[in-house]
Amino acid sequence: MQPLVSVSHLVKEYGSGANRFRALNDVSLDIHAGQVLVLMGPSGSGKTTLISILGGILSATSGSVRIDGREIVGMPESQRPALRRDLFGFIFQGFNLFPALTAEENVAIMCKLKHVPQPARAAANLLESVGLADKRNAYPADLSGGQKQRVAIARALAGHPRILLADEPTAALDSVSGRNVLEILSGLARQNNRAVVIVTHDPRVLEYCDRIVTIEDGRISSDELRRHIPPTPGDIA
């Protein structure tokens with residue numbers, strides 16, 4: 001099965017000379033559509049650096065990252081916004097919603113940025129898909145943590161990205177809200193054939209994942225496949 005994302009011998013260094021620090025050291029990893037992959041490891045191990053490179057937010061020092069067959073290491077900075085817009089949805093621990101905008105308006109902004117036709121209607125449909133049709137006119141201050149994260153997921157789904165990158169999406173949520181968010185994310189992978197990559201310290205996530213990759217000191221220390229992902233028709237030669 002052809003991977004959606006292929007990482008090979010990836011290195012990321014910060015600083016120079018005696019102050020040089022290697023945050024990622026020879027990381028190789030394939031990520032497939034239809035898969036919930038969890039990145040775990042101690043704080044400072046390189047997890048967030050890795051997904052930031054995958055999402056075109058950070059540049060790698062060396063190595064290769066091919067996304068849907070396209071090499072992004074060495075990609076000019078001017079091309080990165082289009083990459084992020086077309087292929088990725090991002091979900092953050094802190095939700096990153098605009099407090100002065102309603103739930104629908106927060107989602108519609110991303111729809112507009114991704115050139116989705118009829119952004120307000122698309123936003124309403126995305127909110128309905130995460131169970132928040134009745135909260136479309138609510139402001140973030142009037143939403144629970146779980147509801148805010150579901151708005152953030154709806155926003156990340158604007159433009160139908162093939163890859164969702166989630167950084168600690170359940171860390172600020174209670175057990176019920178956390179499970180609701182995880183059920184949505186796992187459904188997006190398995191029913192909609194997206195790749196979902198979750199950085200987390202939350203053990204609740206493990207129940208919903210297909211694969212656990214542990215990073216320590218910038219290197220992959222273990223890679224456990226929990227569920228086989230069958231090839232989609234487009235992946236079969």
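**Rings and helices: why the labels apply**

Modeller: There are 2 aromatic pairs here by the ring rule, which pairs rings of Phe, Tyr and Trp (its six-membered ring) if their centres lie within 6.5 Å. This is a predicted model, where local features need pLDDT of at least 70, side-chain atom pairs count only at pLDDT 80 or more, and totals for chains, interfaces and linings use all residues. Residues are numbered from 1 along each chain as its sequence is written, and side-chain values use heavy atoms, with hydrogens and water left out.

Colleague: What makes F90 and F92 a stacked pair?

Modeller: Their centres are 6.4 Å apart with 10° between the planes; planes under 30 degrees apart count as stacked, over 60 as edge-to-face and the rest as tilted, so the label is stacked. Ring pairs also link F88, F90 and F92 into a cluster.

Colleague: Why is F92 called partly exposed?

Modeller: Its relative accessibility is 31%. Buried means under 20% relative accessible area and exposed over 50%, with partly exposed in between (1.4 Å probe, protein chains only), so F92 is partly exposed.

Colleague: How do you know that the charged end of K12 sits over the ring of Y14?

Modeller: It lies 5.0 Å from the ring centre; the rule asks for NZ of Lys or CZ of Arg within 6 Å of the centre and within 35 degrees of the ring normal.

Colleague: Why is α5 called roughly parallel to α6?

Modeller: Helix α5 (residues 145-156) and helix α6 (residues 175-192) pack at about 15°. Angles under 35 degrees count as roughly parallel, over 145 as roughly antiparallel, 65 to 115 as roughly perpendicular and the rest as oblique, so α5 is roughly parallel to α6.

Notes. Axes are lines fitted to C-alpha atoms, for helices over the stretch in contact, and angles run from 0 to 180 degrees between N-to-C directions. Helices (H or I, at least four residues) and strands (E, at least two) are DSSP runs, numbered from the N terminus.
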